[in-house]
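The following exercises are to be worked with the sequence and the model at hand. Each task is followed by a solution in steps.

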Amino acid sequence: MTIPQHLLDAAALHVQRGRRAGLMVRHAERHPVRNLLKHESVLLTERGHEQAKQAGASLAKLSSHVAVAHSPVERCAETARGLVAGASTAGSKARLVCAIDALGSPFILDRKRAWDLVMKIGPTFIRDWFDDKLPNDIFMPRAQGAALQLDAIA
């Protein structure tokens, strides 16, 4: 997990102008998901833990105060703790804020049928979801899922 430089630069610009900045990132490197029904139990790799700490150190260069919220999925909590540890070690006042339920997987409406569909379609299922080609009773439409998550963050 490396936070892209252009995002760090954009956040730095906001901070320089006296505004608050926020970044939304996914979790650091995780072990492979072998079963969608149990995907939330897949944790970070050792490399993922290091990536999160390094990304936290990058955040500390932007601000002396870093606050991190995360989804209720444990690998995301692991990433958040790593971000806070890395930012703290690099001199920032960093804190873990909370878990936000809507950042989990509320867009998977029927886990059993979702897993069956993912296994049938294969790795392109994400593209199909983004293109609104999947049944809306299995996966929430992408735009609706995104709106739900953005509302929760706001």
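**Exercise 1. Charge**

How many positive and how many negative side chains does the protein chain have, and how far apart do the centres of the two sets lie?

*Solution.* The structure is a predicted model, in which local features need pLDDT of at least 70 and side-chain atom pairs count only at pLDDT 80 or more, while totals for chains, interfaces and linings use all residues. Residues are numbered from 1 along each chain as its sequence is written, and side-chain values use heavy atoms, with hydrogens and water left out.

Step 1. Lys and Arg count as positive, Asp and Glu as negative, and His and the chain ends are not counted.
Step 2. Each charge is placed at NZ of Lys, CZ of Arg, CG of Asp or CD of Glu.
Step 3. The protein chain has 21 positive and 15 negative side chains. The centres of the two sets lie 5 Å apart.

**Exercise 2. Overall architecture**

State the secondary structure of the protein chain, its order, and its extent along the principal axes.

*Solution.* 
Step 1. Elements are DSSP runs numbered from the N terminus: helices are H or I with at least four residues, strands are E with at least two.
Step 2. On this basis the protein chain contains six helices and two strands. Read from the N terminus, their order is α-α-β-α-β-α-α-α.
Step 3. The C-alpha trace spans about 45 × 30 × 25 Å along its principal axes.
Step 4. Of the 154 residues, 39% are buried (buried: under 20% relative accessible area; exposed: over 50%; partly exposed: in between; 1.4 Å probe, protein chains only).
Step 5. A contact means heavy atoms within 4.5 Å. Among contacts between residues at least 6 apart in sequence, 65% join residues at least 24 apart.

**Exercise 3. Salt bridges**

How many salt bridges does the structure hold, and which parts of the chain does the pair of arginine 111 and glutamate 40 link?

*Solution.* 
Step 1. Side chains of opposite charge can pair when their charged atoms come close. A salt bridge is a side-chain nitrogen of Lys or Arg within 4 Å of a carboxyl oxygen of Asp or Glu.
Step 2. The structure holds eight salt bridges. One of them joins arginine 111 and glutamate 40, at 3.3 Å from N to O. This pair links distant parts of the chain, 71 residues apart: arginine 111 is in helix α4 (residues 111–121), and glutamate 40 is in the loop between α1 and α2 (46–62).
Step 3. Arginine 111 is partly exposed at 30% relative accessibility, and glutamate 40 is partly exposed at 31%.
Step 4. In the salt bridge of glutamate 74 with arginine 81, the closest N and O atoms are 2.5 Å apart.
Step 5. Arginine 113 and aspartate 110 meet at 3.5 Å, N to O. Asp110, Arg113 and Asp137 are linked in a salt-bridge network.

**Exercise 4. Cysteine 98**

Where does cysteine 98 lie, and what is in contact with cysteine 98?

*Solution.* 
Step 1. Cysteine 98 belongs to strand β2 (residues 93–99) and, at 34% relative accessibility, counts as partly exposed.
Step 2. Apart from neighbours within four places in sequence, the contacts of cysteine 98 are Val68, Ala69 and His70.
Step 3. Proline 72 is 26 residues away along the chain, and its C-alpha atom is separated from that of cysteine 98 by 8.8 Å.
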